[in-house]
Amino acid sequence: MGSKHPNARKIVFSYSPMCSLKLGNIGSLVSFNSESSKMVTKRQVEVVIENGNIIDIGEKLGDADSFIDCGNNLVTPGFVDSHTHPVFVDTREEEFEMRISGLSYQEIHDRGGGILNSTKLLRESSEKILISKVKSRMDTFLSLGTTTVECKSGYGLDTVSELKSLMVIDKVNKKHEIDMIPTFMGGHDFPIDFQNDKDAYVDLICNTMIPKVAKQGIAKFNDVFCEPGYFNIEQSKKILETGEKYGLHSRMHCDEFSCFGASKLAAKLKVNSADHLMEIDKEGMDRLAQENIIGTLLPGTTFFLGMKKYAPYLELKNKGVEIGIASDYNSGSCNIQSMPFIITLSCIYLKMNILDALKASTIIPSKSLRIDDSVGSIEKGKIADILVWGIPDLKHIPFSINQPNINLVLKKGKPVFTA
Ligand SMILES: [Zn+2]
């Protein structure tokens, strides 16, 4: 393992939630700025936090009850990871072995592996076991600087198990420091018992699951895996439109393995985020740009599956599509929770510049999750979800591949992780 950057300094302070807190000796503070509508770097500023919110940013601010010396280091917003599947029992290492010996994701799926493998385990698992597994995954997210994480159900694929998965998210969320944004994803795959009557499963989602999910009141979003062999255009449309009718906002898995019109549907339905996009065509890009749909790229999955074709980030950017990046952490195709590592992959493989990568992992995902009025940037009035790094500036984030170099994670102004 690499050693800490020489500029890193141990942070010592006392914390009380009722008191004010000042971050000082900040080397550079990098965040989206709503007034200029761009990423801005500020030097030698201080940040004052009270009751979990940022109340002031500026030079030489007055005294606060406690003080954090940031050691002349980098300060950024906490990461917002807008695409994860963390509610599963165990990871599927055996499929990783199958893949490196030459089988594709689809071939493994056809042999009963993939999502359906996780489904079997999830259905058998108690809520208690799932809660303890998901809780420990949330501990890891937080230690890696992710302060808000979207969490999908979708390994249950029957009404009871989908509701159970959402309940697990809710129970962990209520006790954990991290903020979890719940998404229903009954449309993740077709369960074994519906392989020969796929429309019947779509009916089950629309007529039973979605009404019950809405009544349960936990999920905010509804997501579907729109892909040949999974949910076709018509089925995806029906699932998302039904969700909207019940107050669930739409997200989509689009153009991951092949292009058959998913992004065009995403534009037509004005979804909150069109995710993956490795195989998107020019028309799909134009449509996303025309409708101002956020594209969320998941380079961790391309990397972890050993695939060569990354999403066409530069083309999407040039067309004017706003781009977020997320981990796609799940039990099989991407065992990556670290947003700093996703930034590294985005810089290397998507040719994203580092400032854009920070924007794509903070304010843009918070916009796609409809929480950008309170989360995703260090600005007056926003929640104090802040990372104090052990590095002097932004370019060390993708370069420090061995460890994230985060000295301190503040969630709602409270220190929740210290290196
Ligand atoms: Zn996914």
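Colleague: At what angle do helix 5 and helix 6 pack?

Modeller: Two packed helices are described by the angle between their axes and the distance between those axes. Here, helix 5 (residues 159-175) and helix 6 (residues 198-216) pack at about 30°, and their axes are 10 Å apart. That makes helix 5 roughly parallel to helix 6. Angles under 35 degrees count as roughly parallel, over 145 as roughly antiparallel, 65 to 115 as roughly perpendicular, and the rest as oblique. The axes are lines fitted to C-alpha atoms, for helices over the stretch in contact, and angles run from 0 to 180 degrees between N-to-C directions. Helices (H or I, at least four residues) and strands (E, at least two) are DSSP runs, numbered from the N terminus.

A word on the source: this is a predicted model, where local features need pLDDT of at least 70 and side-chain atom pairs count only at pLDDT 80 or more, while totals for chains, interfaces and linings use all residues. Residues are numbered from 1 along each chain as its sequence is written.

Colleague: Is the crossing of helix 5 and helix 6 left-handed or right-handed?

Modeller: Right-handed. A crossing is left-handed if the near helix is turned anticlockwise from the far one by less than a right angle, and right-handed if clockwise.

Colleague: Which residues make the contact?

Modeller: Helix 5 brings Thr159, Glu162, Leu163 and Leu166, and helix 6 brings Thr208, Met209, Lys212, Val213 and Gln216. Two residues are in contact if their C-beta atoms, placed from the backbone, lie within 7 Å. By class, this contact has four nonpolar, three polar and two charged residues. For the classes, Ala, Val, Leu, Ile, Met, Phe, Trp, Tyr, Cys and Pro count as nonpolar, Asp, Glu, Lys and Arg as charged, and the others, Gly among them, as polar.

Colleague: How is helix 6 placed against helix 7?

Modeller: Helix 6 and helix 7 (residues 233-245) pack at about 5°, with 9 Å between their axes. They are therefore roughly parallel to each other. Val202, Ile205, Cys206 and Ile210 of helix 6 meet Gln235, Lys238, Ile239, Thr242 and Gly243 of helix 7. That contact divides into five nonpolar, three polar and one charged residue.

Colleague: And at what angle do helix 4 and helix 5 cross?

Modeller: The axes of helix 4 (residues 127-143) and helix 5 come within 9 Å and cross at roughly 50°. That makes helix 4 oblique to helix 5. The crossing of this pair is right-handed. Glu127, Leu130, Ile131, Val134, Lys135 and Met138 of helix 4 face Lys164, Met167, Val168, Lys171 and Val172 of helix 5. Seven of the contact residues are nonpolar, four are charged and none is polar.

Colleague: Now sheets, please. In what order do the eight strands of the open sheet run?

Modeller: Strands of a sheet pair through backbone hydrogen bonds, either parallel or antiparallel. This sheet has the order 6-7-8-9-10-11-12-13, with parallel pairing. Two strands pair if DSSP finds at least two bridges between them. Strand 6 (79-81) and strand 13 (323-325) are the edges, each pairing on one side only. Neighbouring strands are turned by 25° against each other on average, direction ignored. Strand 12 (residues 295-297) is joined to strand 13 by three bridges, and Gly295 has Ile323 as its bridge partner.

Colleague: Which strands pair with strand 1?

Modeller: Strand 2 (residues 38-43) pairs with strand 1 in the antiparallel sense over six bridges. In their hairpin, which has four residues between the strands, Ser37 takes a positive phi near 55°. Strand 3 (residues 46-50) is also antiparallel to strand 1, over three bridges, with Leu21 partnered by Ile49. Strand 5 pairs with strand 1 in the parallel sense over seven bridges, and there Ile26 stands opposite Asn73.
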